[in-house]
Structure formats: C-alpha cells, structure tokens
Amino acid sequence: MSDAKVKKFMEGIIKKNPGEVEFHQAVLEVAESTIPYIEKNQKYKDTKILERIAEPERVIMFRVPWLDDKGEVQINRGFRIEMNSAIGPYKGGLRLHPTVYLGLLKFLAFEQVFKNSLTTLPMGGGKGGSDFDPKGKSDNEVMKFCQSFMSELFRHIGPDTDVPAGDIGVGGREIGFMFGQYKRLRNEFTGILTGKALNWGGSLIRPEATGYGCVYFTQAMLEAQGDSLKGKVCTVSGSGNVAQYTVEKVNQLGGTCVTLSDSSGTIHDPKGIDEKKLAFVMELKNVKRGRIKEYATKFGCDYYEGKRPWGVTCDVAFPSATQNEINGADAKVLVKNGCTAVGEGANMPTTPEGIKVFQDAKICYGPGKAANAGGVATSGLEMSQNSQRLAWTREEVDTKLHGIMIAIHAQCEKYGKAGKYIDYVKGANIGGFVKVADAMLDQGLV
Ligand code: NDP
C-alpha cells in the first residue's frame, strides 16, 4: 500500500524535476520513511504537505561574470534555492564546485529543511552556490568571483530572510570576500553570513562544529549500544573542513583515524593521524591548498591513487567528502571488515544500495541530515550571538553543540526505535518532518 504510494509520489517528482537525479534520490529517501507515517495522519495527507515540501518556495538563478588574472571574461552560474521558511529564515551553505547545477542544490536544500528542523533551532532550509571551480584559482580570482556572486545574491538575502554559510569550496576566505561585498552594497554590518572570522562576528567552534558534531552523534549511537569510540579504528574520507575536525574530535575521544582522502586519492596511516600530523594537513589544505598525497610523502605511509578509503579495515567510518561516495559494494566491504558504525559528515555520501547494506546488517548508521547537523546548529548559535551582539566562550558553544547533537539523537530514537535497533534514517526523516509540517499547517496554505 505504502510502496505504491511512494512509487506514485516519485513519478510526480521525476516528471516535474527531470534529470535532477540527486534530488530524486534525496526525496525518495524521505518519502519512504514519511509516506507510511503520513498515511496514518490524515491532517498531513489531506493538505498534501509532502508534495508542498518537495517544491522549493523560490529558486534564484543568475549570471556571475568576472575577470580572471589574464584579463579574460569568465561566466559562471549562481544559484540560491529558498526551499522552506516554515520554522525560520532560510539557512544553508553555498557550494563552489564544477559539479554544481540546479538538481544538486535542490537535493542539498531539501535535506537542509529536515536537518535544520532536527537541530531544535528556528531555521528554515536553503542552499546555494555556483559551478565556479576554486581549484587552481588565485586569491584575486576567488575574490573577483565572490564579489560578482554577491552583487546579485545580496538582493535576496538578509538576517531575517536568508542566511547562507560555507560548504564545499567555501571556507573562511570566501565568506570574508562575500561579506565584504554585501556590506559595501547594503552599507549594513549584519549577521548575513555565518562562518565569519572571529574578529568580525564569527562564533568560536563554528569551524569545528560539523566534524565535532558528527563525532558526538556517532558516540551517542555507540553509547546507545553500550559501546564507545575509545580504542576504535576509524576511516575518514575527505581532508577539508569536516574531515579535519572529525579527526581532531576522534583523537580527543580516544579513537584512531587512519585515513584521509581528496578527489585524487587516499592516504592510509595505520599509526594514526595524531595532533601533529593533523596540523600538517590543516596547513596543507587550508593554506597551501595542496594535495593529500603530500601527507604520504611527508610521513612515509601508503597512498592509494584514485581510491576511496572504504577498503581499509575499520570499526567506524566517517564519510566526510561528498555525495554518493559509498556505494553498495563499498558498504559490503565495510560490513565484512567489521565496521559497526557509520557517521555521515558529508551530505548523502551513501547511495541507496549502500544504506540498505548497512540497515540489513543492523549496524549503527547515522545519516547526514542528523549526524552532520552540528555545523548548521552552530551557525544558528552564531546568528543568536550576532543578534545579541555578544560572543560566547568556546566552552559555552561546545556545550550547546554537544547538547544539540544529543537532542537530535533522542529525536531519531523516538521515531526510529524498533526493539534494540534504531533506524536513524526513519527517525531523522520523521523527526525533521513533523516540526516543519505542523508549522506549515499552522500557517495556512503556504
Ligand atoms: P571542503 O571543501 O572543506 O572539503 C571537501 C573535501 O572533499 C576535500 O577533501 C575534497 O577534495 C573532497 N571532495 C570534494 N568533492 C569530491 C569528489 N567529487 N570526489 C572526491 N572527493 C571530493 O568541504 P567540507 O568539508 O565543508 O564539506 C564536506 C562535506 O560535508 C560535503 O558533503 C558538505 O556538504 C558536507 N557538510 C559540510 C558542512 C560544513 O559545515 N562545512 C556542514 C554539513 C555538511 P578536493 O580538494 O580534491 O576537491
């Protein structure tokens, strides 16, 4: 009965959004969990709430022209998807990557609605970005692009309307350039972006928040099974913001991370990526903008060109690079090698086939919309500090972040527990859905 409803619902989505495969994948995952729940709750059924949630409130697409260092004109495409504002201003990151197109950002914006709802904070969902590739560009070129991008985006955002943040390809440098341009155009110093530097309105712990939060969530999943991260061997993919702070927190909680990767390959360091080695990675990736291969040369460990980390034996896996980086075959290898928990730092890093493998094996599987919500939650805390014109201490923010991750775990448990097993996909989807759906009902036909 529910299967037929899901099929029919997805036929409508695919017809309306042709070619947007990542968006279809994200909607299907939510539909599979929520449609059986909606079927039992007439108020959501009669009001076509899921159909409404799957349609963005607004999509903005624009031209981004800029001059490169050779004086040549370059043209990129900019986007902002304002997906849902039922529980607060649109909130979600900006991605700069050559693979960015409408369907990719719609998937991310859709996920963001549920994730933001789970954080317990008043934030709607949005996402944006451009097909601009920051790799190999000079600081000057990145600045020119960011200024041009913000010269259109500034019309559509505001501290009570839409507050973007970072994502792949957007870190402190890019947020700075965009903030500068916004301020120039509006003549206003407001908390319009999160992920700002500390000396002009940023929050302590925001850079760390997604990685730390993912580790707190994974620790909570293990604790629910009477276990912990102490002594666990962990594989991490990516080597950007989320991966770096995942390694830092795993180290603090007594685990050992043995891999990192980038789009060229994976390093495998069985001795563990300790604090000193992590400092090297941070300098390599955030300042020199080099390749992870240089880690293997520096510390004399293995490097697997063109490979992802999932063939390395581990207890816990932290996919922290990009979407669809664990397929069904990778998931089978992880389970066969004894992996008992997966905490998704990245958004939708596991394919539907991979998710099925984890669920069938009944390992702890924390989907991104729950496990990586610490980043946006701390962005929410940055917004609160900006509104109050106050800055909280590191300990204050970290304690709040930890509390939020535990609260998200509790919501997943509430809606996803079946015996001893917790279905975190179901829990996160229904938990995130109920709050947004109820707010939409309260607000009439919007
Ligand atoms: P960064 O740009 O800092 O790092 C991304 C990392 O992933 C890099 O190592 C990059 O390698 C690698 N990567 C990117 N695309 C691919 C690809 N197609 N194949 C293989 N490797 C790839 O981004 P973040 O760390 O901020 O984001 C990582 C993930 O976490 C994303 O899915 C993002 O949406 C998600 N996320 C981020 C949040 C945040 O607060 N930053 C919040 C919540 C989720 P290379 O340098 O070679 O491109």
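Glutamate 82 is buried in this predicted model, because its relative accessibility is 1% and the cut-off for burial is under 20%. Its salt-bridge partner is arginine 58, with the closest N and O atoms 2.6 Å apart. The pair links distant parts of the chain. Glutamate 82 sits in strand 2 (residues 73-84), whereas arginine 58 belongs to strand 1 (residues 58-67).

A second salt bridge joins the side chains of arginine 95 and aspartate 167, at 2.6 Å from N to O. Arginine 95 lies in strand 3 (residues 90-96). Aspartate 167 lies in the loop between strand 5 (162-165) and helix 7 (172-186). The pair therefore ties together parts of the chain that are 72 residues apart in sequence. Arginine 95 is buried, at 4% relative accessibility. Arginine 155 and glutamate 152 also form a salt bridge through their side chains, with an N to O distance of 3.2 Å. The structure holds 23 salt bridges.

The structure contains zero of them. The sulfur of cysteine 234 has its closest cysteine sulfur in cysteine 257, at 4.9 Å. A disulfide requires sulfur atoms within 2.5 Å, so this pair is too far apart for a bond. Cysteine 234 is buried, at 0% relative accessibility. Cysteine 339 is likewise in no disulfide. The nearest cysteine sulfur to it belongs to cysteine 314, 4.3 Å away. Cysteine 339 has a relative accessible area of 3% and is therefore buried.

The nonpolar interior was examined next. In soluble globular proteins, nonpolar side chains tend to be buried together. The largest nonpolar core has 53 residues. Those with the most contacts inside it are Phe217, Leu260, Ile267, Ile273, Tyr295, Phe318 and Ile408. Helix 8 (residues 206-224) supplies the largest share of this core, eight residues. Domain 1 (58-189) and domain 2 (209-366) both give residues to the core, so it lies between them.

Leucine 260 illustrates the packing. Not counting residues up to four places away in sequence, its contacts are Val236, Gly238, Ser239, Ala243, Val247, Gly265, Thr266, Ile267, Ile273, Val281 and Ile292. Another core, of 38 residues, lies apart from the largest one. Its members include Val30, Ile49, Ile81 and Val100.

Phenylalanine 280 lies in helix 10 (residues 275-287). Phenylalanine 280 touches Glu294, Tyr295, Lys298 and Phe299, again leaving out residues up to four places away in sequence. Glutamate 294 is 14 residues from phenylalanine 280 in sequence. In space, the C-alpha atoms of these two residues are 9.8 Å apart.

Helix 5 (residues 102-118) was checked for its span. At 1.5 Å a residue, its 17 residues should span 24 Å. The end C-alpha atoms of helix 5 are 25 Å apart, which agrees. The helix is mostly covered, with 16 of its 17 residues buried. Threonine 120 follows helix 5 and has a positive phi, near 75 degrees.

Notes: Residues are numbered from 1 along each chain as its sequence is written. This is a predicted model: local features need pLDDT of at least 70, side-chain atom pairs count only at pLDDT 80 or more; totals for chains, interfaces and linings use all residues. Side-chain values use heavy atoms; hydrogens and water are left out. A nonpolar core is a set of buried Ala, Val, Leu, Ile, Met, Phe, Trp, Tyr and Cys residues joined through side-chain atoms within 4.5 Å. Buried means under 20% relative accessible area, exposed over 50%, partly exposed in between (1.4 Å probe, protein chains only). Helices (H or I, at least four residues) and strands (E, at least two) are DSSP runs, numbered from the N terminus. Domain bounds come from an automatic or database domain assignment. Contact means heavy atoms within 4.5 Å. A salt bridge is a side-chain nitrogen of Lys or Arg within 4 Å of a carboxyl oxygen of Asp or Glu. The expected span of a helix is 1.5 Å times one less than its number of residues.
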